Amino acid sequence: MRVLGIETSCDETGVAVYCGDAGLLGQRLHSQIGIHAAYGGVVPELASRDHVRRLAPLTESLLAGCALSFHDLDGVAYTAGPGLAGALMVGATFGRCLAFALNIPAVAVHHMEAHLLAPMLEPDPPRFPFVALLVSGGHTQLVQVARAGSYRLLGDSMDDAAGEAFDKVASMLGLPYPGGPQVAELAEGGDPNRFRFPRPMTDRPGLDFSFSGLKTAVLTRLAEADAADPALRADIACGFQEAVVETLLIKCRRAVEQAGVDTLVLAGGVAANRRLREELGAWARQAGVALRYPAPALCTDNGAMIAYAGWRRLMLGERVDDTFPVRPRWSLEELRDPAA
Ligand code: KG4
Ligand code: ZN
């Protein structure tokens, strides 16, 4: 079964084809960074409009690159949420219309399930059961995964997500949107011991997260510091990154112990962070835990993870219902008089 995956939940248009027999056949990604950078964050209306512009040509280019035609597709999977309403509508409308025109099934995919299952596309996929740390721009969650499709939320962010904290700190440091990778890059040259920022909510039991206080601590430090200090920004970026990484590590350790599993999956945009992978990797090796994460391009938003998650659900018979909001054929006699 060949499934077209469509991702339009935020500021990336992603499409891919996943085949049950041959794996990932190809993918295309268009980033809207250039459009939103001037505003310092995603402008929802501009995001929707750009998805409208890009989605059809990107899909055509993907199919041409895979030497496939639309008629070679057996199903369509699209991100149905969570995400920006208008942006989601574009992918959902395109996906459902395409499936309707081709007379093939469509399925609605949960964006975070797709992130969570992205490591399944790698050569050495995780084995169930496992605990997953989902760290993206909108979510920081620890999930107990008995098997694909069975999820129990162990911990969640009370305020800012980890990626959001990276993006906000980036903006404080004068780095362009989206700031996560830029903060990470700046931190490479920083001194990890100069600034010690709080590790929020690690001094009490529980698996929830809160990163807004850490963000404020960074802001306070910046306001107090000597702006002319050439090492300041790198040292702050480094101290901040270390605080986020250690906080995530402490909670992952707890979650794995609590769930009694021996596999930890790391997914979502922040999972691309080198220091996070390094620190979790060091702990996992010594604790005998199998750590699995996708390649960086499959950590951030992409169509491949949607195609895979949708393929799995389609194979199990799941479909969006095919009722259309309009009726091309509609007999006057079918009308019921509400007053009768
Ligand atoms: O999963 P994703 O692409 O989109 C959402 O579903 O939100 O995650 C995007 C987030 C952004 O906040 C971005 O700054 C962050 O992931 N991010 C990183 C890195 N790469 C992306 N944060 C820290 N280090 C990175 N290398
Ligand atoms: Zn995402």
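Analyst: Buried means under 20% relative accessible area, exposed over 50%, and partly exposed in between, with a 1.4 Å probe and protein chains only. The model is predicted, so local features need pLDDT of at least 70 and side-chain atom pairs pLDDT 80 or more, while totals for chains, interfaces and linings use all residues. Residues are numbered from 1 along each chain as its sequence is written, chains are lettered from A and ligands numbered from 1 in the order written, and side-chain values use heavy atoms, without hydrogens and water.

User: Are R313 and E113 buried or exposed?

Analyst: Apply the 20% limit to the pair. R313 and E113 are both buried.

User: Which residue forms a salt bridge with R313 at 2.9 Å, and what does the pair tie together?

Analyst: A salt bridge is a side-chain nitrogen of Lys or Arg within 4 Å of a carboxyl oxygen of Asp or Glu. R313 lies in helix α11 (residues 303-315) and E113 in helix α4 (residues 111-117), so the bridge ties together parts 200 residues apart in sequence. Helices here are DSSP runs of H or I with at least four residues, strands are runs of E with at least two, and both are numbered from the N terminus. At 2.9 Å between the closest N and O atoms, the partner is E113.

User: What is the relative accessible area of E318, which also forms a salt bridge with R313?

Analyst: The closest N and O atoms of R313 and E318 are 2.8 Å apart. E318 is partly exposed, at 32%.

User: How far apart in sequence are the parts tied together by R194 and D229?

Analyst: R194 forms a salt bridge with D229, with the closest N and O atoms 2.6 Å apart. R194 lies in the loop between α6 and α7, and D229 in the loop between α7 and α8, so the separation is 35 residues.

User: What distance separates the end C-alpha atoms of α9?

Analyst: The expected span of a helix is 1.5 Å times one less than its number of residues. Helix α9 has 14 residues (274-287), so the span should be 20 Å. The distance in the model agrees: 20 Å.

User: Which elements do the buried residues of α9 pack against?

Analyst: The buried residues are R275, L276, R277, L280, G281, W283 and A284. Contact means heavy atoms within 4.5 Å. The partners are β6 (130-135), α8 (232-259), β9 (263-267), β10 (290-292) and α10 (296-299).

User: Which of the residues around ligand 1 come nearest?

Analyst: A residue counts as near if one of its heavy atoms lies within 4 Å of the molecule or strand. Around ligand 1 there are 18 residues. Those that come nearest are G137, D167, G269, N273 and D301.

User: Which residue has a polar backbone atom 3.0 Å from an oxygen atom of ligand 1?

Analyst: An oxygen atom of ligand 1 is 3.2 Å from a side-chain N or O atom of H111, and one is 3.0 Å from such an atom of H115. The backbone contact is with G180.

Note on methods
A polar contact is a pair of N or O atoms within 3.5 Å; within protein, one must be able to donate a hydrogen and the other to accept it, and residues adjacent in sequence count only if both atoms are side-chain atoms.
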